[in-house]
Amino acid sequence: MKMIINELLPSNEECAGSLKNVLDALYVLNGKWKLALILSLVQSSKRFNEIQHAIPEISSKVLAKELKDLELNDFIKRSVYPTTPVSIIYEATAYSRTLKNVIGELSAWGEQHREKIKQSMRKPSVNTIGEQKV
């Protein structure tokens, strides 16, 4: 590792490995809804309509696709019960709970980012001759 101003920089191999790991994670968790769905199902098992109610911005078509993707990657379990009508329950797996720290860090960063944006919006803008706009 190289050192620049008291910071260790990763070697080319370490950087390439980290990049590959991040790309793998993003490939599995890509999309706007996957982490939100996992978070919703970690809180409690739900039926399809309950998930739609919990995340009303998602369309039925997208929800169905995202649930299939999450099931294929072992983040959720789909259980079918032979009732009339058939009951289908979605629940988070133990594997999805391994994302707890990732979701926590993303939440903290999102809050920090939101505050940064709010602060930048509060700063008075300055025109080209140095006068403040009101």
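In the predicted model, the largest pocket is lined by 13 residues, and those lying nearest its centre are Ala-25, Leu-26, Leu-29, Leu-99 and Val-102. The volume of this pocket is about 290 Å³. Two helices, α1 (12-28) and α5 (100-122), each supply at least two residues of the lining, and α1 gives the most, with 4 residues. By class, the lining of the largest pocket comprises 11 nonpolar and 2 polar residues, and no charged residues are found in it.

Strand β3 (residues 76-81) runs antiparallel to β4, to which it is joined by 6 bridges, and the two strands form a hairpin with 5 residues between them. Within this pairing, Ser-79 has Ile-89 of β4 as its bridge partner.

The loop between β4 (87-92) and α5 contains Thr-93. This residue has a relative accessible area of 12%, and Thr-93 therefore counts as buried, since the value falls under the 20% limit. When its neighbours within four places in sequence are left aside, Thr-93 is in contact with Asp-74, Phe-75, Ile-76 and Lys-77. With regard to Asp-74, a polar atom of the side chain of Thr-93 lies 2.6 Å from the backbone oxygen of that residue.

Terms used. Residues are numbered from 1 along each chain as its sequence is written. This is a predicted model: local features need pLDDT of at least 70, side-chain atom pairs count only at pLDDT 80 or more; totals for chains, interfaces and linings use all residues. Side-chain values use heavy atoms; hydrogens and water are left out. On a 1 Å grid over the protein atoms alone, a cavity is a set of points where a 1.4 Å probe fits but cannot get out, and a pocket is an open set with protein on both sides within 12 Å along at least five of seven lines; lining residues have an atom within 4 Å of a point. Grid points are joined across faces, edges and corners, and a volume is the space filled by probe spheres set on the points. Ala, Val, Leu, Ile, Met, Phe, Trp, Tyr, Cys and Pro count as nonpolar, Asp, Glu, Lys and Arg as charged, and the others, Gly among them, as polar. Buried means under 20% relative accessible area, exposed over 50%, partly exposed in between (1.4 Å probe, protein chains only). A polar contact is a pair of N or O atoms within 3.5 Å; within protein, one must be able to donate a hydrogen and the other to accept it, and residues adjacent in sequence count only if both atoms are side-chain atoms. Contact means heavy atoms within 4.5 Å. Two strands pair if DSSP finds at least two bridges between them.
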